[in-house]
Amino acid sequence: TPIQQGISSTEAKNNDPTLFHQYIFEFDSSSNANTNSKKLVNQLEKSFPDLKFTTIRVIDHSLLKAATIQFEENDNISISDSSSPSLIDDKKSTIDQVIKLASKSGYVTKIYSNHSIQRPNIVTGEDVNSLLSTKQDSDNDENRHLISILPQMQVDRVHNELKNTGRDIIIGVIDSGVDYMHPALGGGFGPGYKVRYGRDLVGDDYDSERGTDPIPDPDPMDSCDPSSGTVGHGTHVSGIIAGKSDNYTGVAPDAILGMWRVFGCDGNADAIVIVEAMLDAYDTGVDIISMSLSDPMGWSESLTAIVAERIILKGVPVVAAASNDGELGAFTVGTPSVGKGVYSVASFDNNYNFFKVFKVNDKFYKFNVDNVAKEKIPNGQLVIGDKNIGSDTDACNPKNIPSNVNGKIALIRRGTCNFADKANNLAKVGAIGVIVYNNKKDETLSPINDGSSIPIIGITQEVGQEILAEIEMKSQESAVNVTFSDDTRVLPQLTGNTVSSFSSIGPAYELDVRPSIGGIGGNVLSTLPRQSGNWGMLSGTSMATPAVSGTVALYLRAWKDKNGHENKPTPTFILEHFQNYAYKAPNRNGENNVDSPNRQGAGLVQIYDAIQEQVHISPAAISFNDTEHLQKTQTLSITNYGNTFVSYTISNNVSVSIIPYNTSEGYQFTAPATYGNDSAQLEFSQKNITLAPGATNKIDVTVIPPNTNPAEHIMYGGYIQFKKNNESSTENLGKDLTVPYIGVVGNQRELPIFHHNTPQLTNTTNITHFPAYDSNEVFVFNRIQSVATKKKIDKVPIFMLTLDNPTRILSTPLYNEQHDMIGFASFKNDTTNFSRATSDTPAQFIWWGGDYIPVKGEAENKPMMTTDPLASITPNSILPSGTETFESQVKISVAPGNYRIGLNALKWFGNPDNPEDWETWTSGIIKVL
């Protein structure tokens, strides 16, 4: 998903990803999905005659036999807050009963919620059409060369030296369609064209969240009007992989594309549509599946991740975007990229970018314009905008603004007050524009302006100080004039070849190394649909993903050219080989360090080295886990597939650490992440190895975590480096190899789940203004009157959750007023696999309609720590076997009376059977009428 800029959310979300009560029932792999689907619907209709069950989609595939089934509920009564789900009639049933019955069927093995996955939103860069025109221009030729992402990944060397352009390798793209009539994408669809395979699974008007039905057709064309809010995500992705024209070259320009369209013009997709596209691409015989999409869940049990894993085990690499939530801190990598074996792709910035430029006297500088004031900043004389220039309060105090700014452009330093206040203070004295330089080294500045009356631009600290010196030097001699150009220039950017700020930070919630590999995704030039301008610059892990997919195509082409179709390398082998030879970036350019594997994975893919080098290490990434579950010693296997002896010295190249939490405020994740220098020691069973051709050696690696405070949960990491010794042969074996490793100091199980003062009982999902009922207040749930009168319900019990850390299970014991447990409250939301809170999703809401599942036997006079009877068969979990009848634990509605509801969260890595592994909370009295 490409980076979204200027988007912040104060509206919390319901933890209810399920679409219109649609659930995906997976059947036994040896059965027939169509037969089982009909059988299951018949059983459900007999058991619940008041409900209507509709089979939405059936997949009868060797890798997945499943059916998506929707059941309808009474929607005549709704909560007053329109963002909340509807309350169902007491005679109706919820998913708990349906799941319970399905679990006794003998042929249902898993159940997943069919939920919505966000349509990729993209941010366009500068207008680059002139750069890609057919007009021959030496400046444009140079700019095209500079802006290309190919050199950073060694793709240009593969094209030029190895004559490898990915010929006839088939890449299946799961995306928003493609404008295959674009000249760089072949000008047609079907046999003989570049875009040869695929179909449209959804149609232009499809939106899973609005409930519009998919209207599939065999043509994956993206013909969406730009006014719909889309500018051609799938077309841009396709061009990165295989675009080819006189003035543009993709990563694998002679590869063959398939496009499976899963997004409409202005809407999201549901999980089962994406899964069907994946399976269709697999059946078509693609060599690679590329998925520039992400669902913000760090658990690996989503259906898209599971199907991706199954496809990988069949020999087809699946490449997926890590996501674009890096500014939100650690543990923000999404699914399906967290799936086992999936190529989870981080984004690195392009070395060059298009910049607007201005000239001070005779020298050009680049700048970033503010994102509110659109008027062009005028040319004119440049003067100092504060008497104490360089302070933290430049232009914040009107008394310090010199009178000579009248009619001129003011230069000031970034500081404590906001940009609009600075600009408006200057405007009152007559300034006609503002140039703000940063107060931090080596960082570009994009002013955020909430109401400036004059235009603002931002520049780096270094440029600002240089211009300031020029003004001070010439103040007694002549004026310093500034001229703003209408043109853009391709110039180096400070963040080139480092991880993009938006790229999500790992690891996966299971502490697997994620992301796994990097591609260029920051400021990438590629194709756009003709109606959107043909060409454009976009940024995101969405762009890095096809870049990596293209390099996989080059690797497969090289393998086939050398070995034919025999002994095709596994997806795991290819990923490991990419990881062995990837480029490791510093945390920031100019710093003498290495960035964390939790940001860059193994690093930026270097495809020429991956093709040429013949020594291989497996596994190619190590997680030592946390110190409570420490996997202290692990074994690497290094194999020499070449024909000469090689010799290496093994060492520990530590990376920056990540300080994930602001412990002064509990355990909230720092956003953006904070970095440190805490490093682990590694002990090796051998420090020097020599390998004969064809030989394999094993090296044990033992970790000694850094001696840091376990309460801080420092995330350490680095790279095990195999440095080639001088006596080794240099022929085709000249590169060092590395293996990323990560770990956490501390026990993840000890981390709190609930943020302080949460959960809270309320009656709305508006996070900015809601009443909170404490343990001494009585919440009146007037359910009977509401059902009888069909009126709006003012007070439905809704629970607001802010989760400092993720939890797999939320158990929901129901008590009477005396705290005797009588069963488990049945919520209208999925209560499994919660993600941690972020500034984009600061809270989640779940709500109770008055139903519960009674427990057998005597009530217990203590809070229930274990999961409810249906917790082991809720979505995303394996169904247990059993002989008890469905009727023995059917969900029922509570009688009028006073109740309390507990919300017990399973701690990170917690054991559901251990009461100490649950974090508990109990509400005040809920009086049900």
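**Strand pairing and a buried leucine**

Strand E39 (residues 807-811) and strand E47 (residues 904-906) pair with each other in the antiparallel sense, over two bridges. In this predicted model, Leu 810 stands opposite Ala 905 in E47. The pair belongs to an open sheet of four strands, ordered E42-E39-E47-E48, with antiparallel pairing. The edges of this sheet are taken by strand E42 (832-834) and strand E48 (918-919); each has a single partner strand, so one side of each is left without a neighbour in the sheet.

Is Leu 814 buried or exposed? Its relative accessible area is 0%, and because buried means under 20%, Leu 814 counts as buried. Leaving aside neighbours within four places in sequence, the residues in contact with Leu 814 include Met 821, Ile 822, Phe 824, Trp 848 and Tyr 852, as well as Val 894, Tyr 899 and Ile 901. Asp 820 and Arg 900 are also among its contacts. Ile 853 lies 39 residues from Leu 814 in sequence, while their C-alpha atoms are 8.8 Å apart in space.

The chain has 14 helices and 49 strands, and 59% of its 929 residues count as buried. Among the contacts with a separation of 6 or more, 77% come from residues 24 or more positions apart. The chain exposes about 34,900 Å², of which carbon and sulfur atoms supply 46%.

Notes: Residues are numbered from 1 along each chain as its sequence is written. This is a predicted model: local features need pLDDT of at least 70, side-chain atom pairs count only at pLDDT 80 or more; totals for chains, interfaces and linings use all residues. Side-chain values use heavy atoms; hydrogens and water are left out. Buried means under 20% relative accessible area, exposed over 50%, partly exposed in between (1.4 Å probe, protein chains only). Contact means heavy atoms within 4.5 Å. Accessible areas come from the Shrake-Rupley method with a 1.4 Å probe; for residues, only the protein chains shown count as cover. Two strands pair if DSSP finds at least two bridges between them.
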